[in-house]
Each structure stands twice: as C-alpha cells, then as structure tokens.
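Subject: Structure handover

Hello,

My notes on what was found in it come after.

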Amino acid sequence: MASDTNRNLKIIAGADSFGCALKDSLVNHLRSLNIEVDDLGTDTYYSVGEEIGHRVSSATNNTTATEIRGLVACGTGVGVSIFANKFPGVYAATCLTAGDAVNARSINNCNVLAVSGMSTTPDSAVEILESWLKTPFKSPCPASDSNPWAPEIDSFLESSIPEMSKIGSEAVTPTPSDTCAICCLAKTRDFAPVDIMPGGEMRIVRETPTSAIVRFKAGSMEPAHHHTFGHDLVVMKGSKRVWNLSKEEKYDLGVGDYLFTPAGDVHRVKYFEDTEFFIKWDGHWDLIMDEDLAAANAAIDKEI
C-alpha cells in the first residue's frame, strides 16, 4: 500500500490486556505503511472503547483534512466495539475475517475496527486490517457477491450515513414513566378486570408481600368495603377521594399522595378522572362488601 494513499489518515489505537499483543502487531504494521498512529496503550476494555469512541466521535464532528479512524482490541473484539459505539458518529464493527472488514466498510462505513486478541492470529489480523483500510464505502463486497451495488441499494446506503449520524446527537429528556421503576413494572404486565368493581383493573406486581398496580376509569367508584389486611397505596396518575367510614374521615388524593388503610376499616372510593395507584398488602387478597353500588351512588351523590 503506497504511503501517499494514507498520508491523510490517522488511526487511534488501544486495547485491553487480552488484545494488547495483537494491537501492538497491528500498530507496527500501520507504522510500516507510514500511517500516523496514536497508540493509547492498554487499559480495561470499556475504558479503551470509551476513549477511542470519544476521540473518533469528536473528530467526526469537526471538519479536518485528516481522516480519523479507530483500532481497538480485546479478548473477543465485542466489548470494545460496544463501548465505542456509544458515541455519535462512531460505527465500530468486530471483524473476524477479511470479508467481515470489507462488508463493514462497504455497507456501514465502519470507522472503528475491533479485533479479537483471543481468536485472531497476527497474520489474519493484518489481512483484516488491510481490507478495512483499502475498502471504500459502497464498494463491491462479499455481501453484494463482489458486484457493484444496485442503484436503489447504493442510494439507500448513501442516505443511511446522514440518518445514522443523527442518532444519539440530541439528548432525550426522559418522561416520568421512563424512569419510574413502578411504572416500568406496570408496562410489562397485563391488567385483569376487578369484576366486583366496575371500571377497575389490576396488575399483580409481586406476591408475599403482595403489591399491584390498580387503575379505575373516571367516574368509577368502589362501594363501601373492607379487607382483612391493611394496605398502603400511592397515587401514580389521576385523583380520587377516599371515605374511611370507620373513622369518619375522608381524603382527597392526587399524584404522589400516600394513604394507609388499616385492616377492617370500611372505606368507599370515588374516582374523578382516570386514575392509577400502586398498592401493597400482606396476606391473600380479599374484599368484603359492606354496601352495594346503588347505595354507594346514593351516598356519594348526597355528599358531593
């Protein structure tokens, strides 16, 4: 490979302890080709992947005359690739054969080569590296049967680069449901209707002690009832009013509000909007009715 072909190319290299010997061989080969190399040495595979990913990403976002690529090595070549790929503009690929390298360059415009120190010999690694260095983006490759890409595929590959470069470039503000552990648990389970309470549904989260996500539609109510267990609840969405008839108290609850109802206390509930809450209790679920729906409606209408 002629030296002037690579005079505008710089490789940032690094490895963990399982890939350092192979990395050293490839760095020596690169320098024999008069390619500039910034050798970061040896560190943990995640630190090496992060550092090279950061440097290649920074170079990708800046217009320079020199093309910056990365070379990383660990035991399998996978870990360093994963961590490098966390940075926008980095397209790292683990290549175990020269064909992998040609495909990665042609299809993915791979700019960080990851190699395996445990399964790749120095001679094979040099062949992989050479293929990766001299394969242009969108060129014929094993995946195209070594033929030029059809026009529609060529057009797709061309448009994929600007589209991929946008991924991860803008921070996404997580919503409460993305970060709340309880909300995440609720998303992974199916609701079952609470037949005795029209408009209500429940998802059991865990057993003994038992916890659940319960939701009611706006306008629903729970007629007066009691349990043989006490229960804690936290409102996650909506609003409700709870009448503790045993204590002659009432509570208006909104998002984030907490209420404990002791075992045996008779209580009635009205939901003013679509509402969800997290509830926890000890023992087996039971529900003992103290009035019917008509009586509950009459009592609530009289008060509200």
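At 4% relative accessibility, Phe 277 counts as buried (buried is under 20% relative accessible area, exposed over 50% and partly exposed in between, with a 1.4 Å probe and protein chains only). Tyr 271 is buried too, at 0%.

Before the rest, the conventions. This is a predicted model, in which local features need pLDDT of at least 70 and side-chain atom pairs count only at pLDDT 80 or more, while totals for chains, interfaces and linings use all residues. Residues are numbered from 1 along each chain as its sequence is written, and side-chain values use heavy atoms, with hydrogens and water left out.

Aromatic rings

The structure holds six aromatic pairs. Rings of Phe, Tyr and Trp (the six-membered ring of Trp) pair if their centres lie within 6.5 Å; planes under 30 degrees apart are called stacked, over 60 edge-to-face, and the rest tilted. One of the pairs is Phe 229 with Trp 281, stacked at 5.6 Å centre to centre and 20 degrees between the planes. Phe 229 is in the loop between strand 9 (221-226) and strand 10 (231-237) and Trp 281 is in strand 15 (residues 275-281), so this pair ties together parts 52 residues apart in sequence. Phe 229 and Trp 281 are both buried. Tyr 271 and Phe 277 are also stacked, with 6.3 Å between centres and 5 degrees between planes. Elsewhere, ring pairs link Tyr 45, Tyr 46 and Phe 83 into a cluster.

Phe 277 also has the charged end of Lys 240 over its ring, 3.7 Å from the centre. The criterion is NZ of Lys or CZ of Arg within 6 Å of the ring centre and within 35 degrees of the ring normal. Arg 69 lies over the face of Trp 132 in this sense, at 4.8 Å from the ring centre.

Helix 1

Helices (H or I, at least four residues) and strands (E, at least two) are DSSP runs numbered from the N terminus. Helix 1 (residues 20-32) has 13 residues and reaches 18 Å from first to last C-alpha, close to the 18 Å expected at 1.5 Å a residue (1.5 Å times one less than the number of residues). Its buried residues are Leu 22, Lys 23, Leu 26, Val 27, His 29 and Leu 30. Seen down the axis, these fall within an arc of 160 degrees, so they line one face of helix 1; the arc is taken over the directions from the helix axis to the C-beta atoms. On the other side, Ala 21, Asn 28 and Ser 32 are exposed.

What covers the buried residues of helix 1 includes strand 1 (9-15), strand 2 (36-42), strand 3 (67-74), strand 5 (112-116) and helix 5 (122-134), contact being heavy atoms within 4.5 Å.

Positive phi

Just after helix 1, Asn 34 has a positive phi of about 65 degrees. Asn 109, in the loop between helix 4 (98-108) and strand 5, has phi near 50 degrees. Lys 138, in the loop between helix 5 and helix 6 (151-166), has a positive phi of about 70 degrees although it is not a glycine.

For Cys 95, the nearest cysteine sulfur is that of Cys 110, 5.6 Å away. Cys 95 is buried at 0% relative accessibility, and Cys 74 is buried at 3%.

Regards

Terms used
A disulfide is a pair of cysteine sulfur atoms within 2.5 Å.
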